[in-house]
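Hello,

Here is the structure I promised to hand over. My notes on its core and one of its helices follow.

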Amino acid sequence: MKRRSSFPCVLAVALAAFAVPAHGQGFDLRSLFNSSPATPGSNAPAAAAANQPPAASAAAEWSGESGASNHPLMTAEAIRAAAANFRQCLAGLWPLAERRGVSRAMFEANVAGLVPDLRIMDLLDGQPEFTKSFWDYLDVLVSEERIQTGRAILAQHRASFDAVEKAYGVDRHVIAAIWGVESNYGTAIGERSVIRSTATLACIGRRQDFFREEFLSALEILARGDVRADHLKGSWAGAFGPTQFMPTSFKRYAVDFDRDGRRDVVDSVPDLIASTANNLKKDGWVPGQTWGYEVVLPKNFDFMFAGRAMQIRDWERLGVRRAAMASEASGQRGNSMVRAPDTRPEPGSSARANGKNFPRSSDNASLVIPTGAVGPTFLMLPNFGVIMKYNPAEAYALAIGHLADRLRGGEPFVQAWPRHERMLTRAERYELQELLARHGFDVGEPDGRLGSRTRDALRAFQSSVGMLPDGFASAAVLDRLRARN
Ligand code: CA
């Protein structure tokens with residue numbers, strides 16, 4: 001969801017914020033936890049059949065209901081009207097396609113008989129109530145199976161990874177981790193036609209300007225013959241291929257690394273990993289440096305430092321230590337997770353595995369405390385921000401970084417997540433923000449997402465009532481806020 005996202009998700013946050021439409025690389029968390037986006041149409045309830053407008057007959061899965069955004073283009077009436085106008089809308093895009101070198105024949109071939117996929121309107125405005133915790137998220141994305149498969153893929157395509165790493169300076173493990181997280185190494189790419197999805201979104205709903213560009217870019221990809229037409233499939237938002245490029249991202253970043261004349265990020269491993277590396281490189285990847293690392297905070301740490309960025313030496317002066325070193329020094333490892341049977345780093349990566357890519361003490365790092373005083377804590381380096389540009393959710397970026405470390409032979413986190421904590425629902429997150437605002441703590445406009453501003457406000461509140469100001473939106477904090485009324 002490159003740089004297009006309207007959701008600055010933050011850790012404990014709103015994994016629910018993933019539910020906000022993917023405007024980018026298309027990764028959709030819901031596909032991990034429920035079936036709807038990943039298996040389009042397969043278990044869609046036969047809901048609202050009576051409400052189906054004639055224009056939507058080919059998209060029987062649509063709920064027929066207005067979207068939750070309350071956007072005027074997302075009312076059921078507006079969706080039906082736009083669906084009825086779908087053919088005229090597409091016809092109106094022809095002059096724009098022609099200017100991009102799309103032939104009339106190709107345009108016709110792609111839009112003739114195309115019917116809108118109105119189920120996407122439900123997904124565009126989907127607002128699930130449940131928020132997945134960090135640990136649920138990482139359990140799924142950094143599973144033992146995903147680690148083993150990733151290592152096998154790194155070995156299988158070692159020559160390509162060698163060449164790509166040399167050409168772009170981006171850590172191969174991060175590329176493999178993106179491949180693993182975005183599509184489970186290409187096994188969960190999505191089955192929707194990118195042309196149909198982007199055409200639907202270009203003509204119907206609240207993001208037509210954005211998706212018009214995606215639709216035209218998808219046509220350009222076909223016109224150039226970069227990707228096989230029947231392989232241009234993906235998420236409901238139009239992201240395709242093992243690393244889920246949006247059509248416009250493809251235009252910016254895709255490269256023909258195997259030099260066969262086509263930039264095929266779907267079926268060519270050299271092209272897909274080089275294109276992903278090129279994407280990260282152009283977004284500012286710092287070669288030879290990691291994304292960040294787990295740290296242990298000293299006793300009596302002042303949590304008001306959370307979220308701040310400063311030099312690593314300053315963090316060390318405050319007593320912040322690398323977790324792996326701290327646990328070795330004390331002879332304990334507090335994690336009960338099963339270790340990989342073989343954690344040897346692969347050849348060529350021993351320097352990284354040994355921590356030689358660790359930053360200098362003058363490097364800047366920001367302290368991220370996803371789940372408060374209990375749970376893993378991190379110092380994040382600039383490459384973490386680069387991963388966030390690929391998909392702007394801290395939980396996502398942390399999963400990528402951690403999976404990359406595990407693929408390299410690294411260990412699980414030393415500190416255990418607070419698995420006893422319950423994540424607040426969307427309604428509770430709203431309530432938390434409204435209560436904070438009522439008590440004079442600045443949270444901006446309540447939006448149900450717990451971003452850095454809300455966490456700052458939460459810390460200030462916690463501090464004011466003598467709680468440990470760790471910024472974690474626990475059920476206990478919400479109770480405390482309610483009790484103040
Ligand atoms: Ca190629």
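Leaving aside neighbours within four places in sequence, alanine 399 is in contact (C-beta atoms, placed from the backbone, within 7 Å) with Tyr137, Leu138, Leu141, Val142 and Val181. This is a predicted model: local features need pLDDT of at least 70, side-chain atom pairs count only at pLDDT 80 or more, and totals for chains, interfaces and linings use all residues. Residues are numbered from 1 along each chain as its sequence is written.

Now the cores. A nonpolar core is a set of buried Ala, Val, Leu, Ile, Met, Phe, Trp, Tyr and Cys residues joined through C-beta atoms within 7 Å. Buried means 20 or more other C-beta atoms within 10 Å of the residue's own, with C-beta atoms placed from the backbone. The largest core has 106 residues; Ala177, Leu379, Ala399, Ile400 and Leu403 touch the most other members. Helix 18 (residues 394–407) gives the largest share, nine residues. Helices here are DSSP runs of H or I, at least four residues, numbered from the N terminus. Domain 1 (15–129 + 188–282) and domain 2 (292–407) both contribute, so this core lies between them. Those bounds come from an automatic or database domain assignment. Another core, of 14 residues, lies apart and includes Met423, Val443, Leu450 and Leu481.

Next, helix 13 (residues 269–282). Of its 14 residues, 12 are buried, so helix 13 is largely enclosed by the rest of the structure. Its cover includes helix 8 (158–168), helix 9 (172–183), helix 12 (247–253) and helix 17 (382–390). Glycine 284 follows helix 13, with a positive phi near 105 degrees.

Best wishes

Definitions and conventions:
Helix = DSSP H or I, 4+ residues; strand = E, 2+ residues; numbered from the N terminus. Contact = placed C-beta atoms within 7 Å.
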